[in-house]
Amino acid sequence: MTAIDDLTREHDLVVNLIGEVRTAHAATDTARMAELARQITDVLEPHTYVEEQGLFPVLAADFPDHVTVLQAEHRHIEAVLGETADGVPADPSWPGRLVETLDLLREHILKEQDGVFPAALASLNPEDWDAIDTIRATVGTLLPAPGR
């Protein structure tokens, strides 16, 4: 399923970027951390839109509490990553908060890959997948084409 494949590949890209943030944090390189946070945001913006406009509405009837939690996590992650929109945040607690938020993001990714994606594969119909593909075509992705 192309939609799930793209979402999974975006997760993989984000996990790799999280590793780079951890390296920058260990080196106390907050400028690099902020740059990487912006890169993560760039990947997650279309990704989150596809999930929240395509997958979550269809799954919400059967899994309302799970969807609500995932959406709340999206907002928290976006807020902390968004602090880098204008550069390195001045708040001295930001590097630690970023690392904590990326720990949450890693757990969030596992929830989606182990729960949301299998549930979607089991329950969505062809029309749902077509709608998700339309949403993806509208928002795009930062992923290279498969095979590149």
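Okay, ground rules. This is a predicted model, so local features need pLDDT of at least 70 and side-chain atom pairs count only at pLDDT 80 or more, while totals for chains, interfaces and linings use all residues. Residues are numbered from 1 along each chain as its sequence is written, and side-chain values use heavy atoms, with hydrogens and water left out.

Let's start with α1, residues 2–26. Helices here are DSSP runs (H or I, at least four residues; strands would be E, at least two), numbered from the N terminus. α1 has 25 residues and reaches 36 Å from first C-alpha to last, close to the expected 36 Å; that expectation is 1.5 Å times one less than the number of residues. Its buried residues include Leu-7, His-11, Val-14 and Ile-18, where buried means under 20% relative accessible area, exposed over 50%, and partly exposed in between (1.4 Å probe, protein chains only). The buried residues of α1 pack against α2 (30–59), α4 and α5 (126–139). Just after α1, Thr-28 takes a positive phi of about 50°.

Next, Thr-48, which sits in α2. Is Thr-48 buried or exposed? Thr-48 counts as buried because its relative accessibility is 7%. Beyond its neighbours within four places in sequence, Thr-48 is in contact with His-74, Arg-75 and Glu-78, contact being heavy atoms within 4.5 Å. Thr-48 and Glu-78 are 30 residues apart along the chain, with 9.8 Å between their C-alpha atoms.

The search uses a 1 Å grid over the protein atoms alone: a cavity is a set of points where a 1.4 Å probe fits but cannot get out, a pocket is an open set with protein on both sides within 12 Å along at least five of seven lines, and lining residues have an atom within 4 Å of a point. Points join across faces, edges and corners, and a volume is the space filled by probe spheres set on them.

How many cavities of 30 Å³ or more are there? The count is one. The largest cavity holds about 70 Å³, and Thr-48 is back in its lining, along with residues including His-11, His-74 and Glu-78. That lining divides into four nonpolar, five polar and three charged residues.

The largest pocket has about 160 Å³. α3 (64–82) and α4 (94–123) each supply at least two of its lining residues, and among the lining are Phe-63, His-66, Lys-111 and Val-116.

Note on methods. Ala, Val, Leu, Ile, Met, Phe, Trp, Tyr, Cys and Pro count as nonpolar, Asp, Glu, Lys and Arg as charged, and the others, Gly among them, as polar.
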